[in-house]
Amino acid sequence: MKLQPVRMIHSLVSRCISHLSRQCYDVIVVGGGHAGTEAAAAAARMGAETLLVTQKTHTIGALSCNPSLGGVGKGHLVREVDALDGLCGRAGDWAGINFSILNRRKGPAVWGPRAQLDRQRYREFIQGELQSISRLTVLEGSVEDLLVAEPNPDEPGSHRVTGISLENVLNPITASSVILTTGTFLSGSLFVGQTTSPGGRIGDAPSSAGLSHTLKERLGLRVGRLRTGTPPRIVKESVDFALAELHPPDRHPTPFSFMNTHTRCKAEEQVPCYLTYTTPGVERVVQESLHLNCHIQQDTKGPRYCPSIESRVLRFPGRSHQVWLEPEGVTSDLLYPQGLSMTMPPEMQLRLIREIPALHRAEIHSPGYGVQYDYVCPTQLSSALQVKTTQGLFLAGQINGTTGYEEAAAQGLWAGVNAACRALSTPPVSLSRTESYIGVLIDDLVSRGVTEPYRMFTSRAEFRTSLRPDNADLRLTPKGYELGCVSPSRYREAMRVQRSLQDAMAALQALTLSTASCREKLPDVRVSESKNAALTGMELLQYKELSFETLASVFPERLSSYLEFSQRLKIEAVYKPHCDINKKEIERIQKEEKMFLPQDIDYFSLPASLSQEAREILDRVRPTTLGAATRLEGITPAAVVSLYNYVQFAEKKGGTGQQKTTRSK
């Protein structure tokens, strides 16, 4: 597929409220980061009149921290967002300048597509895409507060959000659904050394105090505090690359998007990364500056898997730590030192980086800093990412306790879909953890909550042999098309691929070879001498040393027409036995996830054999399905059986709304 040219956003923006063509929308999205842009685009694709409100329109799609996309687990999310017609995968293909597949030494199920990005190109692509979407308006402004009204008595919830009010603007803007994607801006504070200032990102103010107050006080939501940080940016010309290890990208860039056959950046145009390491001198500077670093002294939880250099040194003293020197763009004169997030005073930051051999003459363009911000405990959300107690309010991104562009984009897209469903009077939809990493992400958040910033890993998915980067289109594009968030052209392409793969696998299954024929025609395939049964083409492809291309060269009349899908067919064959084994377990979980638990159940008087601890957990989290209840910490198998029996009994009785089992409103 051809990469489309970028259209800039200037003509899209209504820079003041008086320029808006309407004061009432189906969906309002607050925030223009990864969650906000995906949410707004998804809601508009669904047919909802959508308004995206952001403090500064020129920062829409900005990469606030590292200039990269994807990775192990995260790359799966990007591919799934793309399969649902999201933006970030195609943006990555347009802006990528260094492509690689991480984890190649392991199986394809856990490969991690990743790319270094050109910051300017990425932002331009996202802004151009938003301009091309009908029913989407962008407004530059600061949201002062939510409009809160009495709840609709026909729906669960104690409150109803009906829109937003803007700072210095008299007239509010109303909507059926509001999505908050405030990132690190909700009561955000910036830290450098012993200096603290309000903000969610250098150069930008935090969100309104009224918004935080409404969430905590008026809506009664449980709110916590998290922290993150970013490293100093280094002037490229001041780095001694001869003292660092060159790490070139893959020879053939792999696109994120299923709609692209190539990336904008040609293979020979890619920019390399470099690897270097910390020294004992780095540890010495960290220790000497601790008394000057108020951010690191606080108890607020930070990201475990992307910690600051101060945290790494304190947790693992005496070790050498990796530092990746990553390009920020094709024409940028800056480098991003991945692994050197820090919040010590700027003069100490310069001392620290110069303790690294490759950076011994390095100059800092802008210092690193830390951010602390509020998040809403995500167990208060449904699987549609709507606040359970507040009708019409959806949350996505770091406000839910996650970290990372990819996690934010995935939540944003799904919140956008469900916010549009509500506005258009259609039922909410959920993604199962058996069918997607997005489903795993959301289920982990709403069922288990967070105690530290949540990052996606492949190990979080029980069925990762089925949930692979290569098959996200087959898993999710048909569902997205049914919902209305996937374009006809993408759907047609997914169906073409699906039919071709089915035909190819049927041809492979029909192809049989005796062990003698295998040894004759495929001498490099080490078939066991003791094997007597004939082997099908699918079984032959399970041998590591045999590729589909080799098999097709032996049987061209049967297989050559499917060479376009060589890698996908190899992967399908390798994982077929695993997927067959998992099928029954997946069916069991899917059955449990279809057994809904009413949100007004009074668990303390429920006529079921449940311990007091189990009742307290269920009352606090209020899982929406039996499947979600099974994954709650503290819920025993016995408690699950009791809940199952109750649901079965209630269904036979024709409902679960009996007076004795529901909470009084």
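1. The crossing of α13 and α18 is right-handed, a term used where the near helix is turned clockwise from the far one by less than a right angle. This is a predicted model, in which local features need pLDDT of at least 70 and side-chain atom pairs count only at pLDDT 80 or more, while totals for chains, interfaces and linings use all residues. Residues are numbered from 1 along each chain as its sequence is written, and side-chain values use heavy atoms, with hydrogens and water left out.

2. Helix α13 (residues 488-510) packs against helix α18 (residues 566-593) at an angle of about 60°, and their axes are 11 Å apart. The two are therefore oblique to each other, since angles under 35 degrees count as roughly parallel, over 145 as roughly antiparallel, 65 to 115 as roughly perpendicular and the rest as oblique.

3. On the α13 side, V497, L501, A504, M505 and L508 make the contact (heavy atoms within 4.5 Å), and they meet R568, L569 and E572 of α18. By class, this contact has six nonpolar, no polar and two charged residues.

4. One cavity of 30 Å³ or more is found in a search of the whole structure, a cavity being a set of points on a 1 Å grid where a 1.4 Å probe fits but cannot get out. The largest cavity has a volume of about 30 Å³.

5. The lining of the largest cavity (residues with an atom within 4 Å of a point) consists of T278, T279, V282, E283, I309, V313, R319 and H321. Helices α6 (280-289) and α8 (309-315) each supply at least two residues of this lining, which by class has three nonpolar, three polar and two charged residues.

Conventions: Axes fitted to C-alpha atoms, helices over the stretch in contact; angles between N-to-C directions. Helix = DSSP H or I, 4+ residues; strand = E, 2+ residues; numbered from the N terminus. Nonpolar A, V, L, I, M, F, W, Y, C, P; charged D, E, K, R; others polar. 1 Å grid on protein atoms, 1.4 Å probe; cavity = no way out; pocket = protein on both sides within 12 Å on 5 of 7 lines; lining within 4 Å. Points joined across faces, edges and corners; volume = space filled by probe spheres on them.
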